[in-house]
Structures are given as C-alpha cells and as structure tokens.
Amino acid sequence: MRVNRRAALAALGSSAVLPGLACAAAPTGAKFLHGVASGDPTSTGAILWTRVTPDGSGQDAAFPVQWQVAATQGGKPLESGRAQAHSARDFTVKVEPRRLQPGREYWYWFELADGTRSPAGRFRTLPRGSADEVVLAVVSCQLYPGGYFTAYDDIARRDRVDAVVHLGDYIYEYGEDGYGGEIGRKLGRSVQPAHEIVSLEDYRTRHAQYRTDAALQAAHARAAFICVWDDHETANDAWTGGAENHQPHSEGEWARRKAAAMQAYFEWMPIRDPAGNDPWEAINRSFEFGDLASLMMVETRLLARSEQAGFKGKMPAEADIAAVLAERNRSDREMLGEPQRAWLEGRLTASVKAGTRWQVLGNQVNMARVNGPDMAKLFGAQKAAAMFARLAPDIRGQVEASQAGFRAGLPFNLDAWDGYPAARERLYRSILRSGSSPLVLAGDSHAFWLNELKDEKGTPVAVEFGTSSISSPSVGDALPGLPLGDLLETVSPEVRFCDQRAKGYILLTLTHDHARGEYVAMSTIMEPVASARVIAVASVKPGARNAALERLSP
C-alpha cells in the first residue's frame with residue numbers, strides 16, 4: 001500500500017497541515033535546540049529547516065518564524081521570508097529561497113518574534129553550466145547508542161563540502177534493550193523513548209533525540225544534505241508489505257506505522273515534500289551539478305521492494321536452502337519497480353545526451369555480487385572449526401549455520417541487491433542502454449567497499465563505492481577472530497576492497513578528469529573526539545567501469 005499525503009494524515013487522525021494555520025500570540029521562551037539544516041539544493045536555493053522547541057506553556061501555540069539568507073555569515077540578507085512552527089508538524093519549519101545565484105555558498109538563520117535567533121548554517125547552490133569540481137561526503141547508518149558521531153565532526157570541519165549524500169538509516173527504531181543498547185548504556189547514549197518506536201509521537205521523539213547530537217548538528221549546519229531513507233527509518237528489513245521488525249499482532253497495521261514514520265521523516269529532515277498527491281514513498285529524485293555530474297537518488301525499500309527471501313529466523317537446513325534459492329531467483333521480484341526503473345533510465349539517458357561527465361546513483365544497499373566464504377574450503381575443516389571455536393557461542397551458531405547456505409550458492413546478504421538478481425539484471429540493462437558508466441553509491445552494510453559491477457554475462461556495468469557506517473556495528477565487528485573483509489575479497493570477483501572494521505565516510509571528489517573516492521576512517525567512535533585518516537583511495541576515469549585502488553598503511 002502506497003501512502004500519499006492526504007491518506008497518511010487521515011490514517012493518523014491528525015489535522016491537515018495547512019500553511020495558513022491561525023496564529024495566536026506566541027509565548028516567549030521558545031528555543032532552537034535542534035540546530036538548523038539545509039537539503040535538496042537547487043541552482044537557486046535549497047530547503048532550509050529548523051525546529052522551534054516551545055517552553056512548557058507553548059505546546060498548542062503557533063510561532064511566527066523569520067528566515068534570512070546572506071552571502072556571508074552575518075551579512076545583509078539577500079532573501080528572507082516568514083513561516084510558522086506549529087504542533088501539526090511538530091514545530092518544525094521548512095522553507096525554500098528561490099532567488100539565489102548558482103554555484104555559490106550562502107549563510108542562513110531563523111529568528112523568533114522575541115528576537116531569539118537560531119545558529120547559522122551554510123549551503124552551496126548547485127552550479128549551472130560549466131563546473132570544475134564537486135565534493136560530496138557520502139554517509140550512512142548512524143546508530144545513536146552505537147557510538148559517537150565523530151565522522152560528522154570531521155565533515156563539519158572540512159573546507160569544501162558541496163553536499164552530504166545520506167544513503168539511509170538516519171535513525172534506528174529499536175528500544176534501549178535492542179541493537180546497540182549495551183554500548184549506549186556505557187556511553188550515556190540510551191535511546192528516547194526507551195521502547196521500540198511505533199507511533200508518530202515515538203518517531204518524532206527519536207528524531208528529536210538524534211538532532212540534539214552536537215556533531216550531527218554541526219554537519220547539518222556545514223552543508224546541504226541529500227537524503228534517502230533505508231529500512232530503520234521505519235523498521236528493520238522493511239519492504240512494501242511489512243518488515244522483519246514489525247509484528248502486526250502487537251504493533252498494529254504496517255500501513256499505519258509506515259505512515260507515522262514517513263510523516264516524522266518529512267517533518268524532521270531537510271527534504272522537499274512530495275508534490276500534490278504523489279506517494280510519500282516516491283522520494284526518488286535527481287540533482288544536476290552543472291555539466292559535471294547528475295546525481296540520481298533511488299528508493300529501494302517502501303515503493304516496490306518484494307519481501308526478502310530468507311529463513312524467517314530459523315537456522316538453515318538443506319530443504320530450507322533450496323526453497324530460499326528458488327524464491328530469490330524468481331523473475332518477478334522487485335527492488336525499484338518498473339516506473340522508478342524507467343524514470344532512472346530516462347534520467348541516465350538524458351544526462352549522457354547532455355554531455356554531463358558523471359552519472360552518480362545514490363542507492364541504499366550493496367549492488368555487487370558478494371559470495372559468502374566457505375571456511376572449510378578456504379582453510380580446511382579442522383582450521384575452520386578452530387576459528388569458529390574462538391567465537392562467542394551465540395555468534396558461532398549463526399556462522400556455522402550460514403556455511404551450508406554459502407556452499408549451496410546463497411550470497412552473503414539476501415537483503416541487498418544480491419537477494420534480487422532478476423531486478424538487478426533489469427537495472428543493468430537500463431544502465432547499459434543509457435550509454436552511461438555510473439558511479440554507484442551504497443550504504444547499509446556498515447563496511448567500506450570498492451566493487452566493479454558486472455551483469456550475468458560478465459559485461460562491466462559500473463563502479464560501486466560502498467560507505468561504512470557513522471556508528472553502526474558491522475558483521476565483521478561481531479567476528480573479531482575472522483578477517484571477514486579479506487575473505488569477502490578473496491571469494492567475490494567483483495569485490496576489490498572491503499574493510500569491515502573502520503567507521504567513517506567516503507569523500508567523493510569529481511572533476512572532468514577523474515572521480516576520486518577517499519575512504520575516511522575515524523580513530524574511534526567510543527569517544528566524542530577522534531582523528532581521521534584515509535585508509536584507501538579509489539580513482540575512476542570518465543567512461544571507465546573499473547577503478548584504480550591504492551590501500552594506505554596506517
């Protein structure tokens with residue numbers, strides 16, 4: 001079920017969000033506790049965001065807010081306007097200047113009627129025509145209790161960041177006893193609310209907690225974010241009809257929970273709201289960085305994705321493996337859906353015809369074929385058993401059970417494009433028909449990747465840059481005795497580089513001569529202050545579907 005704006009509000013029993021909401025005299029004492037943010041830049045502006053936090057007496061009030069944009073910090077406003085913060089949108093405000101110059105950096109801020117001013121933020125408008133360079137920070141997966149967001153502090157300090165491309169898992173839905181909860185208690189970063197989030201108020205509260213993080217606020221104030229969601233903005237392993245972490249018998253209808261999650265997302269994120277009656281799930285959209293790059297963001301969770309093939313919580317047995325393989329290989333299984341795939345092919349084709357140097361695909365999950373390592377085949381049965389014996393008992397059982405599936409041909413991750421091979425081939429045919437050689441961006445895995453993608457015939461298709469997480473633990477983190485990244489490189493021909501330990505982001509620099517991806521790893525996420533180092537650099541020439549890789553020593 002797709003949820004449009006009107007249906008979502010009706011399902012939630014909320015009043016309509018009307019721009020002309022009547023405004024009584026607003027009480028004083030309100031504050032800007034969640035910083036400012038910008039997103040979805042254009043050549044003449046961007047979405048500007050803030051949130052007004054009322055004092056105890058202002059929960060039902062509407063707050064007049066003035067916004068201003070200047071060419072320098074504290075400079076004379078070039079464009080300004082007024083908006084309202086009210087309870088129907090959780091006191092969040094989104095506005096859009098439209099009269100700025102292309103390819104320039106601007107500063108902005110908000111102010112209440114009593115003179116209270118927000119922090120200042122800055123963003124760069126998209127270039128128009130000739131562009132020499134584009135610098136993108138590519139991020140994903142920020143688990144609040146999993147550690148400090150030190151990568152965002154590093155991004156905020158950079159001299160040049162044109163935009164931050166966020167590939168999803170901006171929040172996580174689990175309660176304080178769930179994923180990362182033990183680490184969160186040690187660090188004083190337990191989640192709010194303490195239970196798993198299900199209702200609109202729950203999702204709003206979780207977003208609000210994330211946006212109190214100083215490093216995340218600093219990154220939002222530094223550059224515009226271009227975002228898509230993945231699964232945890234709703235619930236783990238989401239698909240069109242449900243999610244692994246949604247139980248209808250105790251948590252209600254999936255459509256209602258999904259509508260609540262999406263409403264909170266559009267309230268709290270600096271993303272352009274869908275137009276008219278477009279479904280909320282359809283957040284696929286594109287951005288033109290002059291003649292240098294076309295960035296196309298796709299949606300792979302709520303719009304069309306078929307349910308994951310898998311064991312539904314059971315340990316794999318030989319009969320189960322055959323059934324899972326048969327389900328995985330069905331030709332009708334979808335990730336993008338036909339309308340979105342056709343839209344993407346059209347955008348790729350138009351970009352190539354326009355002579356744009358790079359086509360960049362912002363996609364949530366790994367696209368490469370990644371094989372699961374058969375440890376007995378790699379090391380011999382005796383050595384593999386000894387390696388398994390060093391793992392924690394609960395982890396050891398899962399790893400040993402996975403080996404039968406890997407030997408039978410199951411991929412490393414059924415929740416990635418590897419779980420949807422027919423849909424991946426349809427996408428690859430679209431890419432090849434368009435004449436593009438795109439750079440594919442991926443998140444979700446909590447690991448760094450450089451992959452060279454090929455279709456089922458072995459035809460090169462694209463280069464994939466996979467970013468690690470900001471703070472979420474990887475499969476490799478749970479297997480400290482196994483060199484998982486090295487093993488995946490060994491058994492997977494498309495995988496050139498995989499680091500399952502480092503946390504950080506990719507700094508992607510595009511020029512007319514090359515695309516350069518720097519894999520930036522943080523020294524720690526267990527302390528609020530960290531240093532950064534580049535652990536690998538990948539370079540791609542225009543039109544190429546392979547990459548040069550340099551691994552850097554510590």
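In which loop is Pro193 found? Pro193 is located in the loop between helix H3 (181–187) and helix H4 (200–210), where helices (H or I, at least four residues) and strands (E, at least two) are DSSP runs numbered from the N terminus. A cis peptide bond, with omega of about -10°, joins Gln192 and Pro193.

The model is predicted, so local features need pLDDT of at least 70 and side-chain atom pairs count only at pLDDT 80 or more, whereas totals for chains, interfaces and linings use all residues. Residues are numbered from 1 along each chain as its sequence is written, and side-chain values use heavy atoms, with hydrogens and water left out.

**Backbone geometry**

Two aspartates have positive phi values without being glycine. Asp169 has phi near 60° and lies in the loop between strand S9 (163–166) and H3. Asp444, with phi of about 75°, belongs to the loop between strand S16 (439–442) and strand S17 (448–454). Asp169 counts as buried at 1% relative accessibility; buried means under 20% relative accessible area, exposed over 50%, and partly exposed in between (1.4 Å probe, protein chains only). Asp444 is buried as well, with a relative accessible area of 14%.

**Aromatic contacts**

The count comes to 20 aromatic pairs. Rings of Phe, Tyr and Trp (its six-membered ring) pair if their centres lie within 6.5 Å; planes under 30 degrees apart count as stacked, over 60 as edge-to-face and the rest as tilted. Two of the tilted pairs are set out below.

| Pair | Centre to centre | Angle between planes |
|---|---|---|
| Tyr152 and Phe225 | 6.2 Å | 40° |
| Phe406 and Phe412 | 6.5 Å | 35° |

The pair of Tyr152, in helix H2 (residues 150–156), and Phe225, in strand S10 (residues 224–227), links distant parts of the chain, 73 residues apart. Tyr152 is buried at 0% relative accessibility, and Phe225 is buried at 0%. In the other pair, Phe406 is buried at 16%, whereas Phe412 is partly exposed at 22%.

Ring pairs also join Tyr144, Phe149, Tyr152, Tyr210 and Phe225 into a cluster. Arg189 lies over the face of Tyr144, 4.0 Å from the ring centre, and its charged end sits over the ring of Phe149 at 5.0 Å from the centre. A charge sits over a ring if NZ of Lys or CZ of Arg is within 6 Å of the ring centre and within 35 degrees of the ring normal.

**Cysteines**

There are zero disulfides, a disulfide being a pair of cysteine sulfur atoms within 2.5 Å. For Cys141, the closest cysteine sulfur is that of Cys227 at 13 Å, too far for a bond. For Cys498, the closest is that of Cys141 at 14 Å, again too far for a bond. Cys141 is buried at 1% relative accessibility, and Cys498 is buried with a relative accessible area of 4%.

**The second largest cavity**

Three cavities of 30 Å³ or more are counted. A cavity is a set of points, on a 1 Å grid over the protein atoms alone, where a 1.4 Å probe fits but cannot get out; lining residues have an atom within 4 Å of a point. The second largest cavity has a volume of about 50 Å³, a volume being the space filled by probe spheres set on the points. Its lining includes Glu334, Trp417 and Arg426. Helix H9 (338–353) and helix H13 (421–434) each supply at least two lining residues, and H13 gives the most, with three.

Key: On a 1 Å grid over the protein atoms alone, a cavity is a set of points where a 1.4 Å probe fits but cannot get out, and a pocket is an open set with protein on both sides within 12 Å along at least five of seven lines; lining residues have an atom within 4 Å of a point.
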